[in-house]
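Here is a short tour of one protein chain, written for someone who likes to have the coordinates open alongside the text. Take a look at the structure before reading on.

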Amino acid sequence: MYVICTYDVNEKRCDKLKKLLRQYLFHVQKSVFEGELTPHQMKELQEKVKKIILSEDSVQFYYCYNNKQIYKDKLGNDSSDLNIIEERRTQ
């Protein structure tokens with residue numbers, strides 16, 4: 001499945017969460033990660049995230065099973081080209 005993960009966590013836990021997410025996904029922006037995971041990997045990642053965050057933190061996962069139907073529009077600085085999904089440039 002194709003996964004996008006965004007987070008807003010306390011500074012004290014930010015580095016630990018970022019390090020964990022980099023083991024599973026590509027870091028595309030300050031608090032955004034994306035990539036392909038199996039359902040098992042997704043569940044495993046979510047369980048590990050739960051052990052890091054506290055109730056005031058927010059971590060959101062967006063996912064779909066067919067990455068051929070995902071479109072991504074980029075505005076501004078182009079940070080990376082992952083060639084995983086079809087991209088439409090908007091100016």
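## The chain as a whole

Please keep in mind that this is a predicted model. Its chain holds two helices and six strands, and their order along the sequence is β-α-β-β-α-β-β-β.

Of the 91 residues, 34% are buried. Counting contacts between residues at least 6 apart in sequence, 57% link residues at least 24 apart.

## Helix α2 and its two sides

Helix α2 covers residues 39-52. With 14 residues, α2 spans 20 Å from its first C-alpha to its last, close to the 20 Å expected at 1.5 Å a residue.

Which residues of α2 are buried? They are Met42, Leu45, Val49 and Ile52. These four sit on the same side of α2, because they cover an arc of only 80° around the axis. As for packing partners, the buried residues of α2 lie against β1 (2-8), α1 (11-22) and β4.

Is Asp57 buried or exposed? Its relative accessibility is 11%, below the 20% cut-off, so Asp57 counts as buried.

The side chain of Asp57 has two polar partners to look at. One is the side chain of Arg13, in a polar contact of 2.6 Å; another is the backbone nitrogen of Asn10, reached at 3.0 Å. Leaving out residues up to four places away in sequence, Asp57 touches Asp8, Val9, Asn10 and Arg13.

Glu34 has a relative accessibility of 4%, so it counts as buried.

What does the side chain of Glu34 make a polar contact with? The partner is the side chain of Tyr2, at 3.0 Å.

How values were computed:
Residues are numbered from 1 along each chain as its sequence is written. This is a predicted model: local features need pLDDT of at least 70, side-chain atom pairs count only at pLDDT 80 or more; totals for chains, interfaces and linings use all residues. Side-chain values use heavy atoms; hydrogens and water are left out. Buried means under 20% relative accessible area, exposed over 50%, partly exposed in between (1.4 Å probe, protein chains only). Contact means heavy atoms within 4.5 Å. A polar contact is a pair of N or O atoms within 3.5 Å; within protein, one must be able to donate a hydrogen and the other to accept it, and residues adjacent in sequence count only if both atoms are side-chain atoms. The expected span of a helix is 1.5 Å times one less than its number of residues. The arc is that of the directions from the helix axis to the C-beta atoms.
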